[in-house]
Amino acid sequence: MAARKRRSAINTTTAKPDPDKTNPETVQCFIGFFITVSMIPVASKYVLRRNLFGFDINKKGTSEGSIKVPESLGIVVGIVFLVVAILFQYFNFTADSNWLIEYNAALASICFMILLGFVDDVLDVPWRVKLVLPSIAALPLLMAYAGHTTIIIPKPLVPYVGLEIFDLGWIYKLYMGLLAVFCTNSINIHAGINGLEVGQTVVIACAILIHNVMQIGASNDPEYKQAHAFSIYLVQPLLATSLALLSYNWYPSSVFVGDTYTYFAGMTMAVVGILGHYSETLMIFFLPQILNFLLSLPQLAGIVPCPRHRLPRFNPQTGLLTGTNDGTLVNLFLRQFGQKSEKTLCILLLIFQAICCGFCFFLRWILTGWYK
């Protein structure tokens, strides 16, 4: 589903965004990376004092399995991200820029999601409530959205539909809300091993960044280029801060990211896909998450019994993980490829994520000019 470019009534002459001038933003991202790296150990001490910790279930029966691992360190990443993203405004928007409205609305939704994610970590919110939280967080973005609600009909379907462009009206905003719900929860449930939550975010964020750069380079439309530059302004700090967190969350993990991070990362990627008008591409980037959701659906819907932790079984003698019958992509990989160490399994899943992102670029290339 691809929306047409923004209304011509929007004045883009007052906006600063210059896709070719990225040096200040890049410097800020590097600073954000090093600040995140230095803040995580400090924040870890504070959360341990408040008894916000967990034990690594995939190391149960070993000495590492009895170590208290600080939880909810995604709050550090979220705070640094917001500071960097807010400072971006100085370099990319003027005070009367119409883009500033949606940019701040996007930041409000992300900030709201960070807050709700941290509340979930502290209060352990039930699953049925978790599904609603992203809908609440997406409200600022939905209310401020000033773009078109039309979609371009794929060329092969035009003779049958009789239209090249179709206006969905309020249904398009409903779709935006559902996209936010899916992205946040799909990152949250495709988890359970060290480095997976942050690793998949880093891979998808890299793919999003590459896609935006490619679209800016291939287009001569200033408005189209600004939409993708807008997306870059949000995905750059996400990538920088996530890389910093990954250095602590990679196997063997010294911190847990918590729902704070998974909700924050999912909402940020949903926002850039919505406002950059490439939600179709984003969904192909999310193919592993879609597959994991489909595998999880019988348990999430209550058709099949769903344990609290749908994790593989760990053998402390061999140090290997064995897949269970729970419907997750993690367990499916173990059932198909045999027992693996936690680190090897995470690498395989991230390679699969990268392959799906590469498939998306290939699909866009072969369908260019034929599909739309």
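Predicted model: local features only at pLDDT ≥ 70, side-chain atom pairs only at ≥ 80, totals over all residues.

Reader: What is the mean pLDDT of the chain?

Author: The mean is 88, and 93% of the residues reach 70 or more. The score is the predictor's confidence in each residue, from 0 to 100. Over residues 1–17 pLDDT stays under 50, and for that stretch the model has 56 contacts beyond four places in sequence. A contact here means heavy atoms within 4.5 Å.

Reader: Let's turn to T262. Why is T262 called buried?

Author: Buried means under 20% relative accessible area, exposed means over 50%, and partly exposed is in between (1.4 Å probe, protein chains only). T262 has 2% relative accessibility, so it counts as buried. T262 lies in helix 11, residues 258–275. Helices (H or I, at least four residues) and strands (E, at least two) are DSSP runs, numbered from the N terminus.

Reader: What joins the side chains of T262 and N188?

Author: A polar contact of 3.0 Å joins them. The term asks for a pair of N or O atoms within 3.5 Å; within protein, one must be able to donate a hydrogen and the other to accept it, and residues adjacent in sequence count only if both atoms are side-chain atoms. Setting aside residues up to four places away in sequence, T262 touches T184, I187, N188 and E197.

Reader: Why is Q200 called buried?

Author: Its relative accessible area is 0%, so Q200 is buried. Q200 sits in helix 9, residues 196–218. Apart from neighbours within four places in sequence, Q200 is in contact with I187, H190, Q289, L350 and Q353.

Reader: V202 is in helix 9 too. What makes V202 buried?

Author: A relative accessible area of 10% puts V202 in the buried class. Beyond four places in sequence, V202 touches L239, S242, L243 and L246.

Reader: Where is I165 found, and why is it called partly exposed?

Author: I165 is found in strand 4, residues 165–167. Its relative accessible area is 35%, so I165 is partly exposed.

Reader: What makes phi of N51 and H277 worth a look?

Author: N51 is not a glycine, yet its phi is positive, about 60°. Phi of H277 is also a positive value, near 60°, in a residue other than glycine. N51 lies in the loop between helix 1 (23–49) and strand 1, and with 57% relative accessible area N51 is exposed. H277 lies in the loop between helix 11 and helix 12 (279–285), and at 14% H277 counts as buried.

Reader: Is the peptide bond from Y251 to P252 cis or trans?

Author: That bond is cis, with omega near -10°. P252 is in the loop between helix 10 (222–249) and helix 11.

Reader: How do you know where empty space is left?

Author: Rolling a probe the size of a water molecule over the atoms shows it. On a 1 Å grid over the protein atoms alone, a cavity is a set of points where a 1.4 Å probe fits but cannot get out; a pocket is an open set with protein on both sides within 12 Å along at least five of seven lines; lining residues have an atom within 4 Å of a point. Grid points are joined across faces, edges and corners, and a volume is the space filled by probe spheres set on the points.

Reader: How many cavities of 30 Å³ or more does the search find?

Author: It finds 1 in the whole structure. The largest cavity holds about 50 Å³ of space, and its lining includes I189, H190, N292 and R310.

Reader: What is the volume of the largest pocket?

Author: About 1,200 Å³. The largest pocket is lined by 39 residues, of which E71, E197, D259, R308 and H309 lie nearest its centre. Helix 11 gives the most to this lining, with 3 residues.

Reader: How do the residues of that pocket lining divide?

Author: Into 16 nonpolar, 13 polar and 10 charged. Ala, Val, Leu, Ile, Met, Phe, Trp, Tyr, Cys and Pro count as nonpolar, Asp, Glu, Lys and Arg as charged, and the others, Gly among them, as polar.

Definitions and conventions
Residues numbered from 1 in each chain as written. Heavy atoms only, no water.
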